[in-house]
Amino acid sequence: MATTGTGQEEFTLDTASQLAEEEGGARIEGRSPWALAGRRLRRNRFALAFLGLFVLIVVACLLAGVYAHHVSHLGQNDTNTGGVITVNGNKVHVISQGHTTIVNGIPKIVIGGVPIGPQWGNAGGQYILGADVLGRDTATRLLYGGRNSLFIGFTSALICTVLSVVFALLAGYFGGATDWIISRIFDLIWAFPVVLLGIALGTALSLNGFHHGPINISGNSLWIPIGVISFVFIPYIGRPLRGQVLALRQREFIEAATAQGAGSLRIMFSELLPNIASSVLVLFTLIVASTILTEAALSFLGAGVQPPNPSWGTMIADGQGTLANNPWLSLWAGLMLALTVLSINVFGDGLRDALDPRAKVRIEH
Amino acid sequence: MVAFVIRRIFGMILVLVAVSFIVYLIFIVIPGGDPALRLAGRVATPANIASIRQKLGLDHNVIVQWFDMVKSLLNGSLISYYDGTNVVQQIKEGLPATFSLCIGAGIIWLGFGILVGTLSAITAGRATDRVITGLALIGISLPVAWLGLILLYLFTENGLGGTFGTLFPPGGYVPLSQDPVQWVYHLILPWLTLAVLFIGFYGRVLRSNILDTINEDFVRTAKAKGLTSRRILVKHVLRASLIPIVTLFGLDFAAVLGGGAIITEAVYSLHGVGYLAFQAISTQDLPTLMGVTLYGAAFIVFFSMLVDIAYAYLDPRIRLT
């Protein structure tokens, strides 16, 4: 209890908290940085709204297998080129049949081979968002494609982050030759243009798959784009983290841990890792946005997800052929991609502001 | 300074040698099985396969094969598996389109990036800043292929644009020497498509750089001297904030030249180096992809070295490290 009266006592932070307690009755409690960050994040309504949008997209795609076929009556890869559906009582071809009709004496040419556009609810749940050139249901493929895109984006971001963290810890902690070798590996991967390296690896791997040693992956497996994308982004996370570990390595608490007899592994994972955790989290959100866009780019070019499997990138490419007469196909897939990546970016910004209002973590492109 | 430059050039050569070895691993070792089997087709006789193996030098050991690959690239004798055309020659023919696309887009994204970032920083917290920040976030979230297709649909005769008459051509490349007006006309949409992502990104980086610099001591000194705020912004704040942007530009520009513009080239059928790679994917033509990848990496490594040297020239402290 602080003694008041003489005014000669030393006034410390403890005295302040005791005084506050006497006056207000409430104790001042220490809050962990994570709790403070959580509170700042909860106050950022904007970031939370976009997190909500992102969760909505993910849940809708993940549950596609539960509800999609009940609505559209078609599976993700079911074709229906000769199909006829009933729209408001009229029979309509899913893929238009080319013919000429006379309307008021003027011949009108109907182009063949154009897939049907969005039917919204008019066809009893079929082709809500239209069809592609093979008569497949766009809405169904959009959901399953989203599942593939999100799965590849997240898994590759996760693998990439884990590898980068391990590399950064090893390089920063051991320094010397280890650091030199790991930094040169980063330099080498960095020297390739991301999309081109992705294409090179993706094409080479999808020829016959990967069959070396105990690993056997077939050419159209989703693990090929996942492996390719997680590999090309390693230096983009590894480099900034290595710098942070290198700086932390010189701090007193590491010296203290060494003096207590802590081994290398314990220092790396119990002392250094918690101190870079907030950066890792922020970099992870930034890299997820990049991996999802890269997956779309590779799949668009034909070096990512292999047909007939859908992904948002392959769907944009599918729509390219019918762009003039039916732009919807490309539109939906790109819109979903843009919304997903935007929501991740907005939430990532909010997360960065919450974790450290003065942080300067960013991904160099 | 001379020692620094020599060291960097030496480092660049080492990196290029390592890069070529990685490319060799990707294209010759990874594709499971024997490239000769793939080339010989389905009805190959053992003698047939053996002769292809010998022709391609596949019976040599790893180091010799790698050396042969580099040699064929350097002396321009690398031949496409698919149509037998000369890969190095095709890359050379693609260069004008790729350079036209990248230089134009680079000027647009650097100019607008600086404009947007500065505007956003001097109005920080106000409505203009919020709108720009929002647009920049949208810009960095758009898939390039999609943006290209949407622009094609909206502004060319193939889509909605057709109802307004032809606004822009749907793609293709007209050489600058042939018709400068058509050259610009054909490149406007591709330039915008390629630049949007970078405008958003540079705007964001510059905004935070300027906001950091404004709190520096030398800015306070300038204010204390009674300089006008315009002069402080242009002569003091911007000059300091733009250094990281220039570095970024050097590296991004190299990446775009080195194959980063492949999607834009594919969407607009610009027959540049990226388009070459795009076509090689569908025909699974590994030598072409190998040539383009090495060409791209060489550009990035070369530009990184230039940026390093320019940086060391501007800031002598860097030369020591």
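Two antiparallel strands of chain A, β1 (residues 84–87) and β2 (residues 90–93), are joined by four bridges. The model described in this report is predicted. Within this pair, T86(A) stands opposite K91(A) of β2(A). Two residues lie between the strands of the hairpin, and N88(A) takes a positive phi near 50° there.

Strand β3 (residues 99–103) runs antiparallel to strand β4 (residues 106–110), and five bridges join them. T100(A) is found opposite I109(A) in β4(A). This hairpin has two residues between its strands, and N104(A) has a positive phi near 55°. Is β3(A) mostly buried or in the open? Of its five residues, the number buried is zero, so the strand lies largely in the open.

| Hairpin | Bridges | Residue with positive phi |
|---|---|---|
| β1(A) and β2(A) | four | N88(A), near 50° |
| β3(A) and β4(A) | five | N104(A), near 55° |

**Helices of chain A**

Helix α3 (residues 45–62) of chain A has 18 residues, which at 1.5 Å a residue should span 26 Å; the end C-alpha atoms are 25 Å apart, in agreement with this. Its buried residues are A47(A), F50(A), F54(A) and C61(A). Viewed down the helix axis, the buried residues fall within an arc of 70°, so they line one face of α3(A). On the other side of the helix, R45(A), G52(A), V55(A), L56(A) and V59(A) are exposed.

**Chain B**

Chain B contains 13 helices and zero strands. Of its 321 residues, 38% are buried. Among contacts between residues at least 6 apart in the sequence of chain B, 66% join residues at least 24 apart.

Helix α1(B) has 28 residues and reaches 40 Å from its first C-alpha to its last, close to the 40 Å expected. The residues buried in α1(B) are V15(B), V19(B), S20(B), V23(B), Y24(B), I26(B) and F27(B). Their cover comes from both chains, and includes α6 (176–190) and α7 (194–208) of chain A as well as α4 (62–74) and α13 of chain B.

**Where the chains meet**

How many residues of chain B are in contact with chain A? There are 46 residues of chain B in contact with 40 residues of chain A. Several helices of chain B each supply at least two residues to this side, including α1 (2–29), α10 (229–260) and α13 (286–314). The most is given by α13(B), with eight residues. By type, the residues on this side of chain B are 33 nonpolar, 12 polar and one charged.

**Nonpolar cores**

The largest nonpolar core has 167 residues. Those with the most contacts inside this core are I199(A), I287(A), A297(A), L301(A), I316(A) and A277(B). Helix α11 (residues 264–301) of chain A gives the most to this core, with 17 residues. Leaving aside residues up to four places away in sequence, I316(A) touches residues of both chains, among them A296(A), F300(A), A333(A), P143(B), W146(B) and L149(B). Another core, of five residues, lies apart from the largest one and includes I85(A), V94(A), Y127(A) and A131(A).

Technical notes:
Residues numbered from 1 in each chain as written. Chains lettered and ligands numbered in written order. Predicted model: local features only at pLDDT ≥ 70, side-chain atom pairs only at ≥ 80, totals over all residues. Pairing = 2+ DSSP bridges. Buried ≥ 20, exposed ≤ 12 C-beta atoms within 10 Å, placed from the backbone. Contact = placed C-beta atoms within 7 Å. Nonpolar A, V, L, I, M, F, W, Y, C, P; charged D, E, K, R; others polar. Expected span 1.5 Å × (residues − 1). Arc of directions from axis to C-beta. Core = buried A, V, L, I, M, F, W, Y, C linked by C-beta atoms within 7 Å.
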